[in-house]
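Biologist: I'd like to learn how to read a two-chain model like this one. Could you take me through it feature by feature?

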Amino acid sequence: MVNPQGENVSLVVVGVGNVGSHVCRHLARMPEVNRLMLIDKDCYEEKNLRSQDILASDCGKPKAVVQARQVRRIRPDLEVEAVTVPVQEVPLGQLRSTVILACLDTKAARQDVNEAAWHLGIPWIDSGVAADGLLARVNVYVPSPDAPCLECAWDRRDYELIEQSYPCDPDASARTAHTNAPSSLGALAAAMQVIELQKLLAGSPDRLLAGCEVTIDASHHKQRVTAYRRNPQCRFDHAVWRLEQLDRPLSALTVGDLLDGAVAGRIPSNSASLSAAGRPFARRLTCPRCGAARDFLRLAGRFSRAMRRCRECRHDMVARGFDLMPRLEQASIGRALARRKLTSLGFRAGDVVTVEDDHTERHFLL
Amino acid sequence: MADLVLEGFLRKQFEEGMALARQSDLLELIPVSGDPARRYIARFRCKGLVRNPDGVAEHNDFHVGVHFLDDYLRRADPFQLLTWLLPPHAWHPNVNAPAICIGKVTPGTSLVDLLYRLFEVITYNKVTPREDDALNRVACQWARRNRDRFPIDRRPLKRRSLKLRVETASAET
């Protein structure tokens with residue numbers, strides 16, 4: 001049972017487009033919901049008027065902000081937060097909630113939600129529509145090491161279909177095929193998704209869809225239920241993390257504090273290493289125009305524009321793939337690095353830092 | 001902690017990659033770090049092109065870095081996977097150090113596959129002169145005008161074994 005006391009239900013909705021805009025209306029009408037976080041990096045466009053639950057005046061505005069305002073109109077006392085960055089940019093700890101609802105149109109973003117939900121140990125409900133066959137679908141995932149995840153059902157073909165931007169065509173991932181589903185189909189998937197959410201919150205185990213998929217084939221009036229099993233060859237590690245809180249504020253924490261066990265309360269070991277929930281560290285920036293390089297240790301993707309600017313030619317510098325490190329190793333870091341503040345490496349509140357050695361692994365919420 | 005699926009993958013890449021390098025006169029594969037190796041320098045001694053002050057010239061030593069990150073079986077970011085290391089002024093529509101483009105890369109693509117695709121790019125065995133998806137547009141225009149020169153190197157990456165059996169003829173007496 002997800003929510004035994006029926007109190008303090010907080011939900012995260014990732015994507016508020018064709019399905020998500022309809023989901024928001026239903027969530028605003030659920031009295032048991034106390035807090036909502038709406039995540040979407042895009043703005044509404046005119047073509048969305050046909051497929052999403054919005055007004056003409058919403059075009060050009062950030063989707064998450066528009067939906068947050070609508071939800072507040074229905075329920076002014078509901079605490080709503082609008083987040084306008086891609087879900088993989090949101091620090092993992094900020095996604096902590098009772099259930100995550102994914103209303104997305106890319107495999108890549110679903111993969112991000114699956115990973116976050118598993119590490120946080122939070123159930124998530126996926127939804128999808130296929131306009132061609134008038135199909136609407138929901139999947140319910142309840143994380144545990146032995147439960148099926150999104151990727152358990154994936155084969156090589158699915159991995160080939162993951163949206164990707166590559167050097168010759170950096171915008172390729174932005175040009176994913178739009179679902180173009182009618183508003184009615186999005187509303188159908190949204191209703192199915194919220195019904196499963198309500199069952200999950202009510203904790204009726206016999207009716208729960210954990211590990212299953214329900215598809216409604218609206219063109220042939222058929223419904224199909226598929227149960228998945230944990231795939232032992234799944235490429236995702238299925239690790240559910242127990243997040244520990246630190247008694248020191250993030251602003252005071254150094255790399256050494258975590259690695260030598262001062263705060264982590266563990267025996268210092270030479271094989272200890274520190275990592276940031278899959279985000280690698282860059283140790284150098286290189287200018288693609290003039291070739292100048294600058295040593296600069298920081299989490300990849302957390303460089304400000306000023307940090308990236310080349311001192312020689314003012315072009316944007318990049319972190320070469322070869323200069324990335326998945327983790328900082330105790331054995332190879334110097335004293336200066338041990339004294340570095342985590343904030344100076346680009347860590348933010350809500351990030352999760354993992355300290356591990358050969359035998360143990362601990363996860364701290366910053 | 002150990003991710004057995006990834007570890008198995010990395011060991012297999014090491015074996016297959018080193019086997020290919022042994023069978024090639026044009027490739028040297030240098031594992032740089034990790035056990036099993038996660039970072040390699042692939043050194044191609046095939047013919048390709050560089051831009052010198054006096055123009056476009058042939059060159060026969062190219063270094064590309066290959067780096068398998070923790071989630072390579074699940075997501076592949078070609079920027080993070082491949083790094084053009086040397087020479088800095090390679091002349092190719094798909095190369096602009098540190099970036100090299102071999103097209104879309106499916107997560108879990110094998111090292112041998114990557115090495116073949118890199119080889120095809122460096123030697124101009126595969127070149128699509130389209131400015132809209134070129135990393136070096138000037139090289140792209142140049143390539144369109146000089147198509148008859150490609151490929152720059154026609155030798156195969158893997159040594160061809162002829163398996164000839166040589167027998168000494170013994171005269172019948």
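Biologist: Let's begin with charges: which residue of chain A forms a salt bridge with B:Asp70?

Modeller: A word on the ground rules before that. This is a predicted model, where local features need pLDDT of at least 70 and side-chain atom pairs count only at pLDDT 80 or more, while totals for chains, interfaces and linings use all residues. Residues are numbered from 1 along each chain as its sequence is written, chains are lettered from A and ligands numbered from 1 in the order in which they are written, and side-chain values use heavy atoms, with hydrogens and water left out.

Modeller: Now, a salt bridge here is a side-chain nitrogen of Lys or Arg within 4 Å of a carboxyl oxygen of Asp or Glu. The partner of B:Asp70 is A:Arg327, with 2.5 Å between the closest N and O atoms.

Biologist: How many salt bridges are there between chain A and chain B?

Modeller: Five. Over all chains, a search of the whole structure turns up 37.

Biologist: And what does the rule find for polar contacts across that interface?

Modeller: A polar contact is a pair of N or O atoms within 3.5 Å; within protein, one must be able to donate a hydrogen and the other to accept it, and residues adjacent in sequence count only if both atoms are side-chain atoms. Across the interface of chain A and chain B that gives 16 residue pairs, both residues at pLDDT 80 or more.

Biologist: Which elements give two or more residues to chain A's side?

Modeller: Elements are DSSP runs numbered from the N terminus: helices are H or I with at least four residues, strands E with at least two. On chain A's side they are α3 (107-120) and α4 (156-160). α3(A) gives the most, three residues.

Biologist: How much area do the two chains bury between them?

Modeller: Buried area is the accessible area (1.4 Å probe) that two parts lose on being put together, summed over both. For chain A and chain B that comes to about 3100 Å², 55% of it on carbon and sulfur atoms. A:Pro167, A:Cys168 and A:Phe322 supply 25% of what chain A buries against chain B, more than any other three residues.

Biologist: How do I read helix packing?

Modeller: Two packed helices are described by the angle between their axes and the distance between the axes. Axes are lines fitted to C-alpha atoms, for helices over the stretch in contact, and angles run from 0 to 180 degrees between N-to-C directions. In chain B, α1 (residues 4-22) and α3 (residues 111-122) pack at about 40°, their axes 8 Å apart. That makes α1(B) oblique to α3(B), because angles under 35 degrees count as roughly parallel, over 145 as roughly antiparallel, 65 to 115 as roughly perpendicular and the rest as oblique.

Biologist: Where in chain B are cis peptide bonds found?

Modeller: One joins B:Asp35 and B:Pro36, with omega about 0°; B:Pro36 lies in the loop between β1 (27-33) and β2 (39-44) of chain B. Another joins B:Ala97 and B:Pro98, with omega about 5°, and B:Pro98 is in the loop between β7 (95-96) and β8 (99-100) of chain B.
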